[in-house]
Amino acid sequence: MAVTAIQYSDKREIDSAAMLALYRANQWSSAEKPALLHQALLNSHSLVTAWDGPKLVGLGNAISDGFLVVYYPHLLVLPEYQRRGIGAEIMRRLITHYHGFHQHLVIADGRAVEFYRECGFTSAGKTEPMWIYAGHDHD
């Protein structure tokens, strides 16, 4: 399958079951709170989804003040669709939407670090990311 077959959308139309399947396939702990996760995505400042026909194969969202700062908390692609440019295209669309903003933020670990570097992100100087986290997938 070519990447060109994938369709992208910024509409906030996302089926709960398809969303949940995507999060479970990537073993994200937020899948344990499906109703809250669905509402969180629908209430994001921006949401980009990727579709192979009727199948949801990826998504990314942004939380922003709308003027200066944007944070990209979620970027997921079904494992069998990874390494085909889908995640990069979702990020390209999100970053383009927030072009000119003073600060773009992402928290990355594992192999995602190199992916985000390829998207243009760099380490934030001598800062150290900190959080209060209710999940268990980053222990």
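Start by selecting Glu 89: this residue is buried, at 18% relative accessible area. Buried means under 20%, exposed over 50%, and partly exposed in between, using a 1.4 Å probe on protein chains only.

You are looking at a predicted model, where local features need pLDDT of at least 70, side-chain atom pairs count only at pLDDT 80 or more, and totals for chains, interfaces and linings use all residues. Residues are numbered from 1 along each chain, and side-chain values use heavy atoms, without hydrogens or water.

Stop 1: With Glu 89 they form a network of salt bridges. A salt bridge puts a side-chain nitrogen of Lys or Arg within 4 Å of a carboxyl oxygen of Asp or Glu. Between Arg 92 and Glu 89, the closest N and O atoms are 2.8 Å apart. For Arg 93 and Glu 89 the value is also 2.8 Å. Arg 93 sits four residues from Glu 89 in α3, so about one helical turn separates them. Helices (H or I, at least four residues) and strands (E, at least two) are DSSP runs, numbered from the N terminus.

Stop 2: Select Lys 55 and Glu 80. Their side chains meet in a salt bridge, 3.7 Å from N to O. Lys 55 is in strand β3, while Glu 80 is in the loop between β5 and α3, 25 residues apart.

**Stop 3: around Tyr 23.** Now pick Tyr 23. Beyond neighbours within four places in sequence, its contacts (heavy atoms within 4.5 Å) include Trp 28, Leu 59 and His 74.
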